[in-house]
Amino acid sequence: MKKRLPLVGLAALTSMQVSASESDTQLAVGMAFDQGLSAVVELDDKYRITVGNDGGAFDMILTRGEFEEGLPLTWYVGAGAWSEWDHKEFGARIPLGLNWDLSRGWDMYAQIQPELNLYKGPELQIGGALGIKYSF
């Protein structure tokens, strides 16, 4: 049953894509190294869902900013949760990232995230992610 949950989630995201095109919701999809090799779906530049071969994560981007006007590099800070399939670990995380606009519709991101592992009691750790997305 647990392995079917990602499939149910992907089916729900597919139905969200159909309704997204009708309501001007911005949709981006891509690949990342976050929870192992991962598929990434981002809605409205705010909600990022990551499902990989090692686990899953959900992040909400709280704020975004620019370094200089016209520079294709921006920053973001978010809050989220993560879980690993095999080790059954889970916790909270705070993604701190950079976003680079590569070309029309394509962007690449890199982030580090302080994580609070809650599986066997609170334990601080650090993670990271590198990904590429295409916005529709």
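Is Asp 44 buried, exposed or partly exposed? Asp 44 is partly exposed, because its relative accessible area of 40% falls between the limits of 20% and 50%.

## Basis and overall architecture

The structure described here is a predicted model. Its protein chain contains one helix and nine strands, arranged along the sequence as α-β-β-β-β-β-β-β-β-β.

Of the 136 residues in the protein chain, 32% are buried. When contacts between residues at least 6 apart in sequence are considered, 37% of them join residues at least 24 apart.

## Positive phi in two loops

Most residues other than glycine have a negative phi. Asp 44 has a positive value, near 55 degrees, and is not a glycine. This residue is placed in the loop between strand E2 (36-43) and strand E3 (47-52).

Lys 88, likewise not a glycine, has a positive phi of about 60 degrees. Its position is the loop between E5 and E6. Lys 88 counts as partly exposed because its relative accessibility is 48%, a value between the 20% and 50% limits.

## Pairing around strand E5

Strand E5 (residues 73-84) pairs with E4 in the antiparallel sense, over eleven bridges. Within this pairing, Ile 61 has Gly 78 of E5 as its bridge partner. The hairpin of E4 and E5 has six residues between the strands, and Gly 70 in this hairpin takes a positive phi near 90 degrees.

Strand E5 also pairs with strand E6 (residues 90-93), in the antiparallel sense and over four bridges. Here Ala 81 stands opposite Ala 92 of E6. The two strands form a hairpin with five residues between them, and Lys 88 lies in its turn. A further antiparallel pairing, over five bridges, links E5 to E7; in it, Val 77 has Leu 96 of E7 as its bridge partner.

## Strand E6 and its two faces

Strand E6 has one covered face, made up of Gly 91 and Arg 93, and one uncovered face, made up of Phe 90 and Ala 92.

Asp 59 belongs to strand E4. Is this residue buried or exposed? Asp 59 is buried, because its relative accessible area is 1%, where the limit for burial is under 20%.

The side chain of Asp 59 makes a polar contact of 2.5 Å with the side chain of Arg 93, a residue on the covered face of E6. Beyond its neighbours within four places in sequence, Asp 59 is in contact with Lys 46, Tyr 47, Arg 48, Ala 79, Gly 80, Ala 81, Arg 93, Pro 95 and Gln 111.

## The surroundings of Ala 129

Ala 129 lies in strand E9 and counts as buried because its relative accessibility is 8%. With residues up to four places away in sequence left out, Ala 129 touches Phe 33, Asp 34, Tyr 109, Ala 110, Gln 111 and Gln 113. Gln 111 is also among the contacts of Asp 59.

Ala 129 and Pro 95 are separated by 34 residues in sequence, and the C-alpha to C-alpha distance between them is 9.0 Å. Pro 95 is itself one of the residues in contact with Asp 59.

## The second largest pocket

The second largest pocket holds about 190 Å³ of space. Two or more lining residues come from each of strand E4 (55-66), strand E7 (96-103), strand E8 (106-117) and strand E9 (123-135). The lining has 13 residues, and those nearest the centre of the pocket are Asp 45, Arg 64, Asn 99, Asp 101 and Asp 107.

What is the division of the lining among nonpolar, polar and charged residues? The lining comprises one nonpolar, six polar and six charged residues. Asp 45, Arg 64, Asp 101 and Asp 107, which are among the residues nearest the centre, are of the charged types.

Conventions
Residues numbered from 1 in each chain as written. Predicted model: local features only at pLDDT ≥ 70, side-chain atom pairs only at ≥ 80, totals over all residues. Heavy atoms only, no water. 1 Å grid on protein atoms, 1.4 Å probe; cavity = no way out; pocket = protein on both sides within 12 Å on 5 of 7 lines; lining within 4 Å. Points joined across faces, edges and corners; volume = space filled by probe spheres on them. Pairing = 2+ DSSP bridges. Buried < 20%, exposed > 50% of the residue type's maximum accessible area, 1.4 Å probe, protein only. Polar contact = N/O pair within 3.5 Å; in protein donor to acceptor, adjacent residues only side chain to side chain. Contact = heavy atoms within 4.5 Å.
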